[in-house]
Amino acid sequence: MRRLPRLVAYASTQVNKLTMELNKLSAHELIGLLNKGDISHLDICNSIIDSVDKKDKSLNAVVNFDRDKVLERAKAQKGLPVFIKDNICVKDELTTCSSNILKGFRPPYNATVIEKLLKANAVLMGKTNMDEFAFGSSTETSCYGTTKNPWDLTRIPGGSSGGSAACVAADSAIWALGSDTGGSVRQPAGLCGVVGLKPTYGRVSRYGLIAFASSLDQIGTLTKDTEDAAILLKMISGHDPMDSTSVDRPVPDYAKLIKKDIKGLKLGIPKEYFIEGMDKEIKQSVLDAIKKLESLGAVCENISLPHTEYAVAVYYLVATAEASSNLARFDGVQYGLRASQVKGVIDMHKKTRGEGFGDEAKRRILLGTFALSSGYYDAYYLRALKVRTLIKKDFEDAFKKYDAIITPTSPTPAFKIGEKTQDPLTMYLCDIFTISANLAGIPGVSVPCGFTKSNLPVGLQILGKAFDEETILRIAYNYEQATDWHKKRLIF
Amino acid sequence: MTYETVIGLEVHLQLKTKSKVFCGCSTNFGAAPNAQVCPVCLGFPGSLPVLNRDALHLAAKVAIALNCKIAPKIRFDRKNYFYPDLPKAYQISQLGNPLSHNGYLPISIDGKEKIINITRVHLEEDTGKLFHEKDHSLIDFNRAGTPLLEIVSEPDMSSPGEAHAYLTALKSILEYIDVSDCNMEEGSLRCDANISIRKHGAKELGTKTEIKNMNSFKAVKAALQYEIDRQVEMLESGQRIVQETRLYDAEKDVTESMRSKEEAHDYRYFPEPDLVPFDFEKKLLEEIKKHIPELPEPRKNRFIKDYKLSDYDAAIMVSDKALADYFEKCVNAYNKPKIIANWLMGDVSAYMKEQELSINELGLKVEHLTGMLTMIDAAAITGKIAKTLLIDIIKTGNSPEALVKEKGLEQISDTGEIEKAIDSVILENQKIVSDFKNGRDNAIMALMGKVMAKTKGKADPKKVNEILREKLR
Amino acid sequence: MSINKDTVKYTAALGRIELSEKEIEHFTGQLDKILDYVHKLKKVDVSKLEPTSHVLEMKNVYREDKVKPSLPVDDVMKNAPAREKNLFKVGKIIE
């Protein structure tokens, strides 16, 4: 019988060991309890496993869950459990990008972020569902079927890191990794009422992240609150000699730095993000959040990011072009699906890719291939790269005067499953507020800032200067401390 | 109807780095299949390239040696196409901002110098290797990711002979700067050609064909000649040349159309997002330039000028850098370049060839060779003895002085001894003596030979000749 | 019209994806709409702009020429759909 989720606001400061549901706590709370010796890490893992057992049939957020393997790992690693989006390589684990073309694929190596987590004793719990190859904003293009939004099982959780966001929101995960190319961590975080952070491009290594758009991708965090985001960010950040685009900069102790106040910070509110006809409830929640930030001492001013209107167009040329090239390696030769009944190699390529890719993947490969092809390169791809320069410059100019930029995360709250699948363009426009940050390479975080009348979460997005994660996390943390949106939990 | 030929060559060269161009796998030739691969060179999902510093530096070394201008900003691009030996379905190469451009290579053809311009030299990665069986193919990716240098010439060559000269001169330079094994059989050096013909004096270029699968310099020459003949025949019979790729078949000595059903490749080049741009500091370029030794052509000219060697001899002396270095060391110790050159081109080379050793592997010390030559000058040994002495020196590593003493090879200059030998030869060879006396002047050579044999080669040949003639008067 | 069926067919061949007639029809309509939307970029004067391929101002990232251990060959081959000993196997390469 399908149980509908009920909203319960609950103060989590007191933990009764007998009735505690450890899966409902944040990572920093659990670390505190572990350090005191009140609980064992095995207790935490078991709590998560129970939650997955209970909830995932309805949620479909976790893919290829191997209970026995997880219990084995829990015995060996003595840290917190973490879920990993299915496009991040874990050695010898099924890593499929929620695509049929990678069915059965077990990478022979770990992504760098996985190595870092393992060094920190993390227990890898499993992979989370996603849009196929991260192509989507709803997790509906997954070969495993869509993940449901824990707040309303008839709605999508956002995408492409929908599985990770849903797990964290439903307390089936303490925290999780996702990836963000056009908003794929922030947007599902906003739609699921959790904190989603996309670091600056180059902050976190991409080695082992199965590439969608190489100049836009970043691995990000899905957590219950900002402090957890800060802790997890530190764990996965840093220079990687295996990634030429990873920067060699020291990694600050984010969790410490976020506790400073935000008095005097100058925040820009771009008018282009408050568009005609946008969801009224979202607009109101965000405006209320802005007032709250002002009450905390920040100075908020209206600004303009004049080239915002071109961001989606630029993205769907640049990202798809890079994707068409990154996905060309899926041809049935070395790994994954290989079509049977083929006449020679060319036929094998064509049929494997025809059978293995879903519709959205095919659409994007066609679009990207077209944008790069002879006769169209200048008018499409090259032009898009040039307009990207303007979008990047908009932010550079804004950040000369302002410390951060505040916007809504998504133009709508979570929509119904199937609502936007008929028209790709409608789906693409879901990313309208998050895409620019990827094009410019700047960091962004989404924090819960309210609920609609139908109890659907609303996200507040905070964008910052390159490598200034501490400021955006500081703003998010201060906002969180002054509100309790992030504490609202479901009884699921 | 006379036609002129227009040829351009594209040479691919594997660079001699220890590891591959974008990952740490070894580049050793001959490893077991798929034993030298990793996620990066296999193109596994999630892998990323990181540029091998030495590969770029070696590439720059070649570019500078070929007089190219190094670009102020160097970028890599993706060349997208599908083929089973290309693991990522794109090759990381260079298009718009290559390492270098506008160089030249002087070649010597029919005694005259000609400049062949070089369009560009750029760096890219090699593909894996395919093994074709009857109804399937097998792939070994060990070679994938080996650093490859692409050297593209302008279509400045006008004959197969010039193409051959270009390749020879290029190989010589590459060996001198020690960047590659330059072995066409092993595949470390590959060559494709573009060739067209046009009526003599015409300004427009004819339709060109691309020729591939030439596995030696000889094959390049033969393939181009065949193609010229084929194109001439076609034009003469009113047919049009089709722009296509043709493969050379060495056994049949023909070029054959590839008859590809694929549409012409649209490589959809775009800047490689996984690699950042590169540039060279002026200081670094100067450092690299310093490490380029004197190249073969200028060295040859210097040998002609300073050592008064003939063009032919100088060319042979510089053909192998190690040999040229050895030659100069000898000249420094014994200032008779022509004599040294003769010995090196003659007896030393013959022995090297027979034993399949290079000059360095031979282990013939400079002072031993020059010491031996000095002994000849001082008439301490004969030239004939020296020939066998040389082999002994190489085999034992002992000095000529020690060996001569040990084996008693000193030249016999004592007139008395020589007379004794001559007398007994005359006695034993009455027929040859009478031939000589009857006018056959060269019969004396036979008698001389017998005297030399009797003295075990140690008699001073000049004295033998003098005394023999005296006695036979 | 920004894109027609023939172009979609050609592009699919370039991208080595086999599409059914129905798919070609379906995608052509959708891609056309997307490309129409993308045409708003024509409004921008790009004549004096440099393209942004990399958002970071980095250059000269190298690795040293040192040999590192390769993957054990079993790890290399274990995902292979078809193999012959330690070689990847594919069908005939029909030119």
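Q: Before we go on, what sort of model is it, and how do the names work?

A: It's a predicted model, where local features need pLDDT of at least 70, side-chain atom pairs count only at pLDDT 80 or more, and totals for chains, interfaces and linings use all residues. Residues are numbered from 1 along each chain as its sequence is written, chains are lettered from A and ligands numbered from 1 in the order in which they are written, and side-chain values use heavy atoms, with hydrogens and water left out.

Q: What does Ala289(A) touch?

A: Leaving out residues up to four places away in sequence, Ala289(A) touches Cys449(A), Leu460(A) and Tyr479(A). Contact here means heavy atoms within 4.5 Å. Pro448(A) is 159 residues away from Ala289(A) in sequence, yet their C-alpha atoms are 9.8 Å apart in space.

Q: And what about Leu287(A), where does that one lie?

A: Leu287(A) lies in helix α9 of chain A, which covers residues 280-295. Leu287(A) is partly exposed, because its relative accessible area is 32%.

Q: What holds paired strands together?

A: Strands of a sheet pair through backbone hydrogen bonds, either parallel or antiparallel.

Q: How many bridges are there between β6 and β7 of chain B?

A: Strand β6 (residues 100-109) and strand β7 (residues 112-125) of chain B pair over 9 bridges, in the antiparallel sense. One residue to look at is His101(B), whose bridge partner in β7(B) is Arg120(B).

Q: Which residues does Ser196(B) touch?

A: Ser196(B) is in strand β11 of chain B. Its contacts, not counting residues up to four places away in sequence, include Glu4(B), Thr5(B), Val6(B) and Gln231(B). Ser196(B) counts as buried because its relative accessibility is 4%.

Q: Let's switch to where chains A and B meet. How many residues does each chain give?

A: Chain B gives 31 residues to the contact and chain A gives 37. Together they bury about 2700 Å², 61% of it on carbon and sulfur atoms. Buried area is the accessible area (1.4 Å probe) that two parts lose on being put together, summed over both.

Q: How many salt bridges are there between chain B and chain A?

A: The count is 1 salt bridge between chain B and chain A. Arg206(A) forms a salt bridge with Asp274(B), with the closest N and O atoms 2.8 Å apart. A salt bridge is a side-chain nitrogen of Lys or Arg within 4 Å of a carboxyl oxygen of Asp or Glu.

Q: And how many residue pairs are in polar contact?

A: There are 16 residue pairs in polar contact between chain B and chain A, both at pLDDT 80 or more. A polar contact is a pair of N or O atoms within 3.5 Å; within protein, one must be able to donate a hydrogen and the other to accept it, and residues adjacent in sequence count only if both atoms are side-chain atoms. On the side of chain B that touches chain A, the largest share, 3 residues, comes from α1(B).

Q: What does Tyr109(A) touch?

A: Tyr109(A) touches residues of chain B including Pro39(B), Phe44(B), Pro45(B) and Gly46(B). A polar atom of the Tyr109(A) side chain lies 2.6 Å from the backbone oxygen of Pro45(B), and that side chain reaches the backbone oxygen of Gly46(B) at 3.5 Å. Tyr109(A) is buried because its relative accessible area is 6%.

Technical notes: Helix = DSSP H or I, 4+ residues; strand = E, 2+ residues; numbered from the N terminus. Buried < 20%, exposed > 50% of the residue type's maximum accessible area, 1.4 Å probe, protein only. Pairing = 2+ DSSP bridges.
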